[in-house]
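Colleague: Before I use these interfaces, I would like to hear what each label rests on.
Modeller: Then let us take the labels one by one.

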Amino acid sequence: MSVVVWHAYHGAEERALQDAADQFEKQSGVDVQIVAVPWGGFDSKVETAVPRGNGPDVLITGHANIGKWSKLGVIEALTPIEGLRPFTVEALTYNGKVWGEPLAFKSPVLLYDPAVIKVPPRTTDEMLALAADHTGPGKYGLAYEASTAYYHGAWLHGFGGSVLVDGLAALDSAPSTEALRFVASLAPYLPTRPTADRVGQLYDDGNAAMVISGPWFVADRTRPIAAATLPIVSATGQPARPYLTVEAAMLCPGHDGQALAFAEYLAGPEGAAIRRDEGFQAVAADVPLTNPLLATLAAQAESAVPLPVDPDVQTAFEAENRALRRVLRGAVSPENAAQEAQAYWKSLVKPRPEPASPLPYAIVATFLGLLGAGAAGRAIGSRTAQIRTNATDYLWVLPATIAVFVLVAVPFLVGAGVSLFATWQGDYVFVGLDNFVNILTSRDWPLTSPMSFFYALGVTVAWTMANVALHVTLGVTLALALREPWIRLRPAFRALLVLPWAVPSYITALIWRTMFDAQYGAVNQLLGAQIDWFGSFFAAFAANLTTNTWLGFPFMMVVTLGALQAIPRDLEEAAMIDGAGYFTRFRHVVWPLLAPALLPAVVMGSVWTFNMFIVVRLVSDGEPDGATELLVSQAYKWAFTRGNLYGYASAYAVIIFFVLLAYSRVTARLLARNKP
Amino acid sequence: MARIRLDAVQKRFGATRVLDRVDLDVADGEYIVLLGRSGCGKSTLLRCIAGLEEVSEGRVHIGDRDVTDVSPRDRDVAMVFQSYALYPHMTVARNLAFALEIRSRPRAEIDAAVKDAADLLDIAHLLDRLPAQLSGGQRQRVAMGRAIVRRPAVFLFDEPLSNLDASLRHHMRLELKRLHKRLRGTFVHVTHDQVEAMTLGDRMVLLDGGVVQQVGSPRDVYETPANLFVAKFIGSPQMNLWEAQGHGAHTRVQGVDVDVPVPADGKYTLGVRPNDVRIEAGAPMTAKVEIIEALGDEAFVHLLWGEQRVVARVDPRTAYDVGEDVRFTFGRAHRFDTTTGSRLP
């Protein structure tokens, strides 16, 4: 027997964990297996593996999920050891029980460049003044992920606010509004829309004097960096209170008998010392933290607020993120942003839906099922002889049929089934077609709101048409150019032009996303402009369109190159002698012969484009405020970032399916008419 | 008006020389045939006249104009392609009208021109069809119709008959001849078929390896081939050729004394067309009959003459036995320089 441990650490923290495990093995003789799970997939892996008995004995992760996981039965309560900092135990307490052995605590602190800032600011006024002093062309006095609710927590709490009050969002409270106003005053000194990577880059290049981030940021730095607690909010006299995450060793049900012993060893003084000295962790055990960064973290922890464990906090964060983006962009005043955010949250968190009676649905489903079975039976019955004679042939297609059934039909039917339910705080409630009615009548939003189905449909149709038009134009033009006799190095060009297709599309999308960066992006540098590409609908749409055109034209080019080969050169020469110039030849001879060959590619390309999730998700991510969201990415957002409304999202998916079904029926007819 | 003049035209594709200093003067209204094996450069030469290929060196004149750098559409030429190159998505009527339509001619003029051409070629009943709905011969006519509808100064034909079966080809040959009489245009016709060249051309141009071997009327070329290549290429069966040694009045071919009409001194290649081999009793030379080819209205006997072979054209009504000895003599003979291949007087 051995104790299996899942964690998402890397670098020094991972090494320290392994060392601690080795020590424990030596002392106890118990075998410990340390398994690294990628951070991005950690939660979903836990939620799928553990309930099916495929989980580990011990999970090492932050405390934010204990609310959900304790409900799901993914983790077990325990009695923590003595000698821990009380606030770490408190963070792991939910419903009166403690759900893990606290190991370490982390929170954002104020990080600064000691070469530039001699004395860290003690108040926000001082911080603003320092930031102003160190802001110039390409330089920022302060850099942090200002548009995320997580980092905003420090100010929100400092102004006396809280994201949830008694389980309800308080996004429009006076302190919330004040905190938004404060962020607006920071905006001139902040980079636009920074990601964690961008903040790191700014600091490493010496272009950010102060940064708000946590110990993970320090671990990745190449230049000296100093830490201090976040400043006191001048307006209230209260300290800024960032969110605190407590990492813990949690026990999974059915764990090995030695799992608790290992968790206790890790949390205890011996394990803590190893993790502190080798992994540079601010450990939960009450041992001295003398390293300046760890000391700062300990000091910061005194005012920090544990990240709420309420599952609803995610929805409130989503609404808060939106408000922050809008305020930082200057799109709306802090007051309006606060009110909008609260209204948005209300629309996301729906009251418990009225369950519908499944009876009429069951009757209709039974009727349809019988009808289908009857039709299938009749179809098979009338073809028995034919089936018998071709039995081997049917056998050959059987594996593919099974694969399609399992991979396409089953998920589709499950998805369609889920669309008849509403998800409410993790429960499924049967609501019949209510999700569809809700979506198609745009019950929760005005038609012109980016959240409405019809707005997204309009964007998606415009997106598809614009893309396909550009793909065809560019693809055909390049294919024609490649045919010209004066082109040298033709194979090289052909290979180069197919390259965008050969590179995995998510990589391409990420590269374009970086190129459209407002401060550092290659696009703005080339244009010599300062366009905030994700700040307005048309700019963001253009950025998405550019990316997807880059991805899409090679396909059309390759199809065109093939189709052009089938057009005899004679025809063009005949037209040349008949007196046709280049464009006349293209219009009257080449295009009429090319178009029928291109039509199937256009049909296929438009379906791909209609459902082009990757580009929208990775380039604009729906910015600004969901305006560039497509139907498919809307469905994704409803399922995964706006409170897990799986039923609602499935209804979206089913509607998308029917839209595309109708489209394919129309185009099939077009294609059939085109056949000679 | 539509005289064609080529001055030292050269065409190279990379390092390959396809046409080597071709000089040619085609008179207005002349029907000239470019003849040669495939790959000899005849189609390239035609495409240089059309402007579909740029010449590497030299000049091309059509009428009074130097058109070397003029695009095909401004050369006032029409071309019939071997594949016919009909626009597959247009009806016959539109195929015919296309050249006039893109020149924005008045509708009435276009309709009249299409009708004239269709009547002339007997394709008026096909005007509404698509090329895919036509037979090979009908497509051929439409292709010709497309050329004549514009009344160009020069008509270019690139192997126009090679995709037709034998009887249709014969028929179309006559049609082409008639067409030429009616239109009085300058016709340039490319073919690898010597019968086509002999029957159609006012003059023919023999090409080999991108070099003009001989230009002349079919009669000239047949009667006085300029070199061994022409001698071998024109005439079927091929001209009999032997290495000969002349010494005063005596001429010997492989140790056998032969009787030639005009003896000459030295080594040379002796050529006698099968027509000019006469089998007669009492003739000076003897050979054995090896094979008899009877073609109905004519016949050829293949003779073994020592180690040499002789082909003779004979009266099909005369019977010969294989293995029989016959006596023969030569009528007209040709002499060629063995090393250079050129004709000797």
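**Two interfaces, term by term**

Modeller: Between domain 1 of chain B and domain 2 of chain B the count of salt bridges is zero. This is a predicted model.

Colleague: What else does the rule find across the interface of domain 1 of chain B and domain 2 of chain B?
Modeller: Six residue pairs in polar contact, both residues at pLDDT 80 or more. On the side of domain 1 of chain B, helix α7 (residues 218–223) of chain B gives the most, with three residues. That side divides into five nonpolar residues, two polar and one charged.

Colleague: How much area do domain 1 of chain B and domain 2 of chain B bury between them?
Modeller: About 730 Å², 56% of it on carbon and sulfur atoms. Tyr222(B), Pro225(B) and Leu228(B) supply 66% of what domain 1 of chain B buries there, more than any other three residues.

Colleague: Why is the pair Glu573(A) and Arg47(B) called a salt bridge?
Modeller: Their side chains meet at 2.6 Å, N to O. The cut-off is 4 Å between a side-chain nitrogen of Lys or Arg and a carboxyl oxygen of Asp or Glu, so the pair qualifies. Across the interface of chain A and chain B the rule finds two salt bridges.

Colleague: Which element gives the most to the side of chain A that touches chain B?
Modeller: α24(A), with eight residues. By class, that side has nine nonpolar, four polar and three charged residues.

Colleague: How much do chain A and chain B bury between them?
Modeller: About 1600 Å², with 66% on carbon and sulfur atoms. Glu573(A), Ile577(A) and Asp578(A) supply 40% of the area that chain A buries against chain B.

Definitions and conventions
Residues numbered from 1 in each chain as written. Chains lettered and ligands numbered in written order. Predicted model: local features only at pLDDT ≥ 70, side-chain atom pairs only at ≥ 80, totals over all residues. Heavy atoms only, no water. Buried area = accessible area lost by both parts, 1.4 Å probe. Helix = DSSP H or I, 4+ residues; strand = E, 2+ residues; numbered from the N terminus. Nonpolar A, V, L, I, M, F, W, Y, C, P; charged D, E, K, R; others polar. Polar contact = N/O pair within 3.5 Å; in protein donor to acceptor, adjacent residues only side chain to side chain.
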